[in-house]
Each structure stands twice: as structure tokens, then as C-alpha cells.
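Please look over the sequence and the model below before reading on. The report that follows takes up the ligand site, the overall fold and a few local features.

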Amino acid sequence: MKLLPFHEYDLKTPRILEALNEASRSLAELKGFANSIPNQHILMNAITINEAKDSSAIENIVTTHDSIYKVLTESGFKDESAKEVVDYRSAIWRGYEIIKEKGFISTNVLVELQGMIEHNKAGIRKNPGTKLVNSKTKEVIYTPPQDEKEIRDLLKNLEDYINKKDEEVDPLIKMALIHYQFESIHPFYDGNGRTGRILNVLYLVLNHLLESPILYLSNYINKNKDQYYKLFTEFRENNNYEDWIIYILKGVEETSKNTIELIKLIQREMESYKEEFMTKLPKIYSDELLDSLFFEVYTRINYIEDRCHVTRQTAATYLNSLVDAGLLEFEKIGRESIYKNSRLINLLSQF
Ligand SMILES: Nc1ncnc2c1ncn2[C@@H]1O[C@H](COP(=O)(O)OP(=O)(O)O)[C@@H](O)[C@H]1O
Ligand SMILES: [Mg+2]
């Protein structure tokens with residue numbers, strides 16, 4: 001396998017520069033727009049639910065928003081696919097925490113995130129046998145490096161490239177090369193695709209192209225999945241790095257625009273919800289309570305106690321009044337009493 005930084009490639013072809021221009025502009029717009037929203041946690045929580053679902057779907061782990069919501073409540077509800085999706089979301093949060101704290105993405109971080117997604121401690125591959133096969137024809141598409149030492153050396157080279165501040169190459173182009181290289185190393189037995197896609201967004205945050213991790217290519221990749229697989233191979237076999245980079249840049253452009261739309265929808269939903277809330281229940285309305293109802297797609301009495309600093313009884317009265325007013329739905333999952341924000345869930349599942 002080739003080592004980064006791939007000096008032999010001209011990364012400034014007219015087609016790349018044109019796509020880069022559009023992608024950078026859309027991403028900057030998303031960053032500015034997201035920063036103008038007061039509660040970043042609401043956005044991140046909502047957006048990462050969809051990303052976790054889409055990224056897992058690329059790997060044929062398919063579930064519904066309703067199951068995800070039930071697993072999120074940690075009420076003992078069991079659904080393996082939904083559990084992997086929820087763990088994927090936790091891995092995004094964990095990665096975000098680490099880079100905010102350390103300002104660095106190490107191989108160990110990738111190992112930790114992959115372990116969270118797969119919930120096992122297998123770590124970097126030690127035994128040979130991993131191959132990428134075409135799921136339909138069963139034909140081998142690609143055999144990644146098999147030797148542990150070689151894999152570790154390649155990861156070290158990738159880690160250096162990720163963390164090196166180099167003004168020569170635009171971070172968006174570097175992200176495209178990093179994704180290609182990471183997937184080609186394929187350091188784990190499983191979970192490489194998902195770990196690699198988390199790495200993409202963390203890389204954007206590391207380079208301050210985004211403040212928080214809210215840009216995810218999985219929906220775009222899902223829609224253009226044949227291309228995704230085909231371009232990996234074309235890059236490797238025919239040196240067609242240009243179409244690969246452009247594919248990723250177009251994804252950044254399209255997804256930035258879509259994410260702005262999604263944020264607007266969430267904002268609008270919150271505004272109309274607020275209006276209805278204030279009209280129907282003026283005595284219990286507060287901004288804090290409204291935020292708590294959108295913080296996650298569901299809430300509980302004790303969350304409201306903590307966030308709004310009220311007694312358990314008051315919190316219960318609030319939530320039950322909201323149910324009566326049609327603003328929340330009550331659901332008993334196992335022994336847990338959960339209040340779900342169905343409007344937010346519907347919005348996310350329809351997007
Ligand atoms: N030809 C290829 N070369 C390199 N990587 C590839 C190729 N085709 C697919 N991939 C990557 O491999 C991922 C699947 O690997 P896998 O370890 O099963 O990840 P996950 O469990 O997250 O599905 C794909 O999502 C893609 O990123
Ligand atoms: Mg897999």
C-alpha cells in the first residue's frame with residue numbers, strides 16, 4: 001500500500017478546485033448557520049440520530065426511529081441493530097469529547113471508537129483472513145494488508161498525516177484521502193466503514209471547519225453507494241483519485257445544504273411547538289422546559305426535575321399536562337415511564 005501524503009498526485013486540478021470551492025462555501029455556510037442556534041446540544045443530538053441510522057444502514061444494519069428511541073431510553077428494550085446505532089452515536093460524542101480535550105486524533109482513539117461501535121475489544125487485526133467481498137457475487141474486491149506490523153505502520157503514517165498542520169492541501173481534500181486510506185488499511189475485523197465515517201467529521205472539527213460534529217456523509221453515500229464502492233477500486237487500481245475526491249467534495253456540498261434545511265425544520269418545529277405550548281399551558285411554560293423537551297427525542301420525570309430545578313411532583317404535573325395538551329406522548333417501556341416528543345421523532349424520520 002502507498003503511504004500518505006501521496007505527493008505524486010496533482011491535487012489542484014481544475015475539476016477538484018471547482019468542487020472544492022462549492023464544498024467549502026456550503027460548509028462555511030452550515031458552520032455559520034449552526035453557530036447562530038442557541039442550543040447546540042439539541043442539534044447534535046437530533047442530527048447524530050439520523051447519521052447513526054444512515055451510517056449503520058450502509059453496513060446493512062437496519063432499524064427504525066422508534067426502536068432507536070426505545071433503546072436510547074435504556075429501559076431494557078432489546079433490538080440488536082438499534083443498539084448498534086445508539087452505540088455509534090455514543091462513539092461520535094466520545095470522539096468529539098476527545099478532540100476537544102486533546103486536539104489530536106490518535107490511532108488509539110480510533111481503536112476506542114471502533115470498540116464502542118462493535119462492543120468488543122478485538123482491536124487491530126492480528127489474524128489474517130479479512131477480505132472485502134461483493135455481497136452479491138461473493139467475488140473478492142480487495143484484500144487489505146494482513147500483517148499486524150504492516151497495519152500498525154500504516155496507521156502511524158495515517159495518524160501523522162491527520163495531525164500534521166500543512167497549509168498546502170485543503171483539509172477537505174485531506175479528509176477525502178484520509179477516508180480512502182483508512183478504509184484501505186481496513187485495520188479492524190469489522191466496523192471499519194463506520195469508524196472511518198466518524199473520523200471524517202472529527203477531522204472537520206479538528207480543523208475548525210465545523211464547531212460541532214454535524215456534517216455526515218452517510219445519507220449521501222447511501223444514495224450513491226455503488227459509486228462509493230466503485231470509486232474506492234478505481235482509485236486503487238487506476239489511480240483515479242480525482243473522481244474519488246470529487247465524489248467526497250460533492251457529498252460535503254450536498255450534505256451541508258441538506259443539513260441547513262434540517263436545522264431550519266427543527267427550528268421551525270420548536271417555534272410552532274413553543275407557540276402551542278404557551279397558548280395551551282401558559283402557567284407552566286418556560287424556555288428551560290421547552291429546551292428539555294427537545295434535548296433528546298424523549299424525556300423522563302427525573303430529567304425535568306434536574307433541568308428545571310423543580311420537585312418530582314411538579315415535574316410529573318408538567319409532563320402529564322403536556323400529554324393532555326397533545327404535546328408529548330406517554331409510553332410505558334418495560335417498567336419505565338417515558339414521555340416522547342413524537343413531533344421531533346416524525347420530523348427526523350421523514351427527513
Ligand atoms: N474497495 C474498497 N476498498 C477499500 N475500502 C472499501 C472498499 N469497498 C468498501 N470499503 C469500505 O469498507 C466498509 C465496510 O467495512 P466494514 O469493516 O464491514 O465496516 P462496517 O462494519 O462499519 O460495515 C465500507 O463502508 C467502505 O467504507
Ligand atoms: Mg461490517
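By class, the shell around ligand 1 consists of six nonpolar, six polar and four charged residues, where Ala, Val, Leu, Ile, Met, Phe, Trp, Tyr, Cys and Pro count as nonpolar, Asp, Glu, Lys and Arg as charged, and the others, Gly among them, as polar. This is a predicted model, in which local features need pLDDT of at least 70 and side-chain atom pairs count only at pLDDT 80 or more, while totals for chains, interfaces and linings use all residues. Residues are numbered from 1 along each chain as its sequence is written, and chains are lettered from A and ligands numbered from 1 in the order in which they are written.

Of the 16 residues around ligand 1, those that come nearest are E59, E183, N192, G193 and F232; a residue is near a molecule or strand if its C-beta atom, placed from the backbone, lies within 6 Å of it. The elements in the table each supply at least two residues of this shell, and α8 gives the largest share, four residues. Helices (H or I, at least four residues) and strands (E, at least two) are DSSP runs, numbered from the N terminus.

| Element | Residues |
|---|---|
| β2 | 140–142 |
| α7 | 171–185 |
| α8 | 192–206 |
| α10 | 225–238 |

The secondary structure of the chain comes to 15 helices and five strands. Its C-alpha trace spans about 65 × 40 × 40 Å along the principal axes.

Of the 351 residues, 39% count as buried, that is, with 20 or more other C-beta atoms within 10 Å of their own, whereas 12 or fewer make a residue exposed and values in between partly exposed, with C-beta atoms placed from the backbone. In helix α15 (residues 342–350) the buried residues are R343, L344 and L348. They lie on the same side of α15, because they cover an arc of only 130 degrees around the axis, taken from the directions from the helix axis to the C-beta atoms.

Strand β4 (residues 329–333) runs antiparallel to β5 (residues 336–340), and five bridges join them; strands pair if DSSP finds at least two bridges between them. E331 stands opposite I338 in β5. The two strands form a hairpin with two residues between them, and G334 in the turn has a positive phi of about 60 degrees.
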